[in-house]
Amino acid sequence: MFGRSGKYSTLAVLGCFLALAAAMTGAAAGFFYRWDVLALRDAFDLLRWAAYGGLGAGAVSVLGLIRSRPGSGRRGFVTALAGVCIGAAVFWVPYDHQQTARRVPAIHDITTDPADPPQFRAVLPLRPDSANSLEYGGAGLARQQRQAYPDIGPAVFDAPRDAVFSAALATAREMGWTVVDSAADDGRIEAVATTFWFGFNDDVVIRVTESGSGTRVDMRSVSRVGVSDVGTNAARIRAFLAVLKERA
């Protein structure tokens, strides 16, 4: 059916090879930055070229699909199809990231309580050279957050504060964050969340307080580098609170 008796299509093989090379280049961009081999700008440049490479590899693979289509007498249809899929993925990941960055505001400090954001203490010694400050940006930042992420807000539970605090601490650890400090007396948890690919360190503080007959949980997540977090901190808060609501 796929012309297995014929020769392999050179274009099919070449397209898949180029797609794999682009994928490895894109992956290397993040890890090279994480391992201090490349500066952030250089790593992003490498990622951009990997995306272009993926696009080109996909185009070559499409030609390979045509050359090795069923009935053509040439082999390599599946190889070419793999090249198309890999090339498209290599291009799509940074492209989608870029489009998201254009949709969201250029902010990197997200909290469930803009009027009284939780404050950091324990993580301060860990970020002496961080490009971004932990000083909250005030009304202007709060306005941008409300417009972009109107769903971000505190979570209220019927359970006692101590129980919610324990559940919050367990959830933070479950999400793979490095817990820097947990002070049950004042209901404060501080942690560092590290992204897998580029290894960005983002600081997180959780505040657990009594609220009427229940317990209120507020959070704040701040990126150490980058003007825009491309929605990462808001997504982190959503994910944490979703898990906590199931646990508490």
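Strands are DSSP runs of E with at least two residues, and helices are runs of H or I with at least four, both numbered from the N terminus. The model is predicted: local features need pLDDT of at least 70, side-chain atom pairs count only at pLDDT 80 or more, and totals for chains, interfaces and linings use all residues. Residues are numbered from 1 along each chain as its sequence is written, and side-chain values use heavy atoms, with hydrogens and water left out.

**Exercise 1. Two residues of strand β6**

Task: Determine where Asp218 is placed, whether Asp218 counts as buried or exposed, and which side chain makes a polar contact with that of Asp218. Then treat Ser223 likewise.

Solution: 

Step 1. Asp218 lies in strand β6, which spans residues 214-223.

Step 2. Buried means under 20% relative accessible area, exposed over 50%, and partly exposed in between (1.4 Å probe, protein chains only). Asp218 has a relative accessibility of 1% and therefore counts as buried. For Ser223 the value is 5%, so this residue also counts as buried.

Step 3. A polar contact is a pair of N or O atoms within 3.5 Å; within protein, one must be able to donate a hydrogen and the other to accept it, and residues adjacent in sequence count only if both atoms are side-chain atoms. The side chain of Asp218 makes such a contact with the side chain of Arg216, at 2.6 Å. The side chain of Ser223 is joined to that of Asn233 by a polar contact of 2.9 Å.

Step 4. Contact means heavy atoms within 4.5 Å. With neighbours within four places in sequence left aside, the contacts of Asp218 include Thr112, Asp113, Pro118 and Pro154, together with Val205, Ile206 and Arg207.

**Exercise 2. Thr209 and Ala163**

Task: State in which elements Thr209 and Ala163 are placed, and how many Å separate the C-alpha atoms of Ala163 and Thr215.

Solution: 

Step 1. Thr209 belongs to strand β5 (residues 201-211), whereas Ala163 belongs to helix α5 (residues 161-174).

Step 2. Thr209 is partly exposed because its relative accessible area is 27%. Ala163, at 42%, also counts as partly exposed.

Step 3. Beyond four places in sequence, Thr209 is in contact with Arg161, Gly214, Thr215 and Arg216. Thr209 and Trp197 are 12 residues apart along the chain, and their C-alpha atoms are separated by 34 Å. Ala163 and Thr215 are 52 residues apart along the chain, with 9.4 Å between their C-alpha atoms.

**Exercise 3. The packing of helix α1**

Task: Find how α1 is oriented to α2 and to α3, and which residue classes make up each contact.

Solution: 

Step 1. Axes are lines fitted to C-alpha atoms, for helices over the stretch in contact, and angles run from 0 to 180 degrees between N-to-C directions. Helices α1 (residues 10-34) and α2 (residues 40-67) pack at about 165°, with axes 7 Å apart.

Step 2. Angles under 35 degrees count as roughly parallel, over 145 as roughly antiparallel, 65 to 115 as roughly perpendicular and the rest as oblique. Helices α1 and α2 are therefore roughly antiparallel.

Step 3. Ala, Val, Leu, Ile, Met, Phe, Trp, Tyr, Cys and Pro count as nonpolar, Asp, Glu, Lys and Arg as charged, and the others, Gly among them, as polar. The contact of α1 with α2 has 18 nonpolar, 7 polar and 1 charged residues.

Step 4. The axes of α1 and α3 (residues 77-103) come within 8 Å and cross at roughly 30°. That makes α1 roughly parallel to α3. Their contact has 11 nonpolar, 4 polar and no charged residues.
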